[in-house]
Amino acid sequence: MQSDATPAKTPARTAAAASAQAPGRTPEPDGGGSGESLRRVAVASFIGTAIEFYDFYIYGTAAALVLNQAFFPTLDPVNATLASFSTYAVAFAARPLGSVVFGHFGDRVGRKSVLVASLLMMGLSTALVGLLPGYGTLGIWAPLLLIALRFLQGIGLGGEWGGAALLAVEHAPRKRRGLYAAFPQLGPSVGFFAATGVFWLLSSVLDDAAFRSWGWRVPFLLSFLLVGVGLFVRLRISETPVFAKVMDAQEASKVPTLDVFRRYPRELLLGAGGMIVAYGLFYTATTYCLSYATGTLGVSRNTMLGLSLVACLFLAAGTWLAATRSDGAGRRKLILTGCGLAAVWGPALFPLLDTEQPVLIALGIGGALFCMGVVYGPMGAYLPELFGTTVRYSGASLAYNLGGVLGGAVSPLVATRLQSAFGSASVGWYVSAMAVISLVCVLALPETRERELA
């Protein structure tokens, strides 16, 4: 295996660099740290992904409920919804670019400083959506500026998850990497719960006119506060010990992204394929199902938001259970289990929704999110463990976000078209197809829990 590192100053350092490029083959010390520092790292990695998914999901909720009328009032309902979901997809398309940019500096400069920059770009872009005038004020400039902000948000998001996961994994002892990686993986559950809770509260206290006029903007404006909290936490953490050793030995990759494609193309593509079902389940069961139930089935907005809050508990349970058990049972085994469960649950999802019974709707969405959590939980440790230290930020981020483009960006769009043309049952089979694709990809990858990090 070729080395991507710059020449070290001594033969000993050269030998260390060579061994670092073969994760799982040559034992190398992991990170680890004091109990206090590990707790601080766990909080810092968790809060970033929680803000990430809060930011992303408030947009998804707004896209499902109100943005079609606020920014695309001249289109018919179906095309307005598609246009709204298309702006939603813009950030997914930008995320791989963010992975390249932030991954480059994360692998060359350090994890901590890049995480601060990604948080600022992500959070401020989201907050500014809350200040953006609608189509009635700016005309065509309103949706164009919305797309620009979504693109910038996607750039920031592209660097967020990889850095947060590495922060946890590279600080943690080897036998507890799954446990510590569970904290950034819980971010979606908490971010989803917070975003849905804010929208539910606003929908409960405001009439429909007020909600559509200004109420939907409040969750976006709260991002200003969340960014401040995130910065306070992240500025207090230290660089990961694993990456600090790379910097001390002057072994950083010159062009990490190129080295990922050159040395880890299989891990990159299969890792991205493994993420497809996690993204597809999440955004089908949340964003699309919210739009479908309120728009097609006529379920009230407040009811659906309340049921989404209940379903979020299923996501958190699946994530924590699978992530923490992955240190003993193995990451790959649990991810494959989640893919298999998703393949079975997909065809059951929409029949449960179509009953229009709240308990069955909550069961349908909650079951889908539990399957997603079982896949997603172990990925916090699994994707970073697939790549060597000198390219880990770039490799893990790219795999994660390419999976997002294939699974998350297109899911609401494909689901809208499928339902319109073939009925709701076809969307369930689409979910199953994504699960099978991810299952095949993960089958082609190795187990990683025993690998030592360089």
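Patches, as the word is used here, are made of residues with over 30% relative accessible area and no salt bridge, and nonpolar side chains are joined within 5 Å. Keep in mind that this is a predicted model.

View 1. Leu 97, Val 101, Phe 105, Val 109, Met 121, Phe 151 and Leu 152 together make a nonpolar surface patch of about 560 Å². Look for Val 109 in the loop between α4 and α5 (111-129); it counts as partly exposed because its relative accessibility is 49%.

**View 2. Inside the largest nonpolar core.** This core has 117 residues, and Phe 71, Trp 216, Phe 282, Leu 353, Ile 365 and Leu 383 touch the most other members. Helix α15 (residues 265-297) brings the largest share, 17 residues. Zoom in on Trp 216: leaving aside neighbours within four places in sequence, Trp 216 is in contact with Val 66, Leu 67, Phe 71, Val 129, Phe 199 and Phe 211.

**View 3. A salt-bridge network.** Arg 177, Asp 327, Arg 331 and Glu 385 are linked in a network of salt bridges. Arg 177 pairs with Glu 385, their closest N and O atoms 2.8 Å apart. Asp 327 and Arg 331 meet at 2.9 Å, N to O. Arg 331 is buried, at 0% relative accessible area.

**View 4. A salt bridge within one helix.** Arg 212 and Asp 208 meet at 3.2 Å, N to O. They sit 4 residues apart in helix α10 (residues 208-213), so about one helical turn separates them.

Technical notes
Residues are numbered from 1 along each chain as its sequence is written. This is a predicted model: local features need pLDDT of at least 70, side-chain atom pairs count only at pLDDT 80 or more; totals for chains, interfaces and linings use all residues. Side-chain values use heavy atoms; hydrogens and water are left out. A nonpolar core is a set of buried Ala, Val, Leu, Ile, Met, Phe, Trp, Tyr and Cys residues joined through side-chain atoms within 4.5 Å. Buried means under 20% relative accessible area, exposed over 50%, partly exposed in between (1.4 Å probe, protein chains only). Helices (H or I, at least four residues) and strands (E, at least two) are DSSP runs, numbered from the N terminus. Contact means heavy atoms within 4.5 Å. Patches are made of residues with over 30% relative accessible area and no salt bridge: like charges are joined within 9 Å, nonpolar side chains (Val, Leu, Ile, Met, Phe, Trp, Tyr) within 5 Å. Accessible areas come from the Shrake-Rupley method with a 1.4 Å probe; for residues, only the protein chains shown count as cover. A salt bridge is a side-chain nitrogen of Lys or Arg within 4 Å of a carboxyl oxygen of Asp or Glu.
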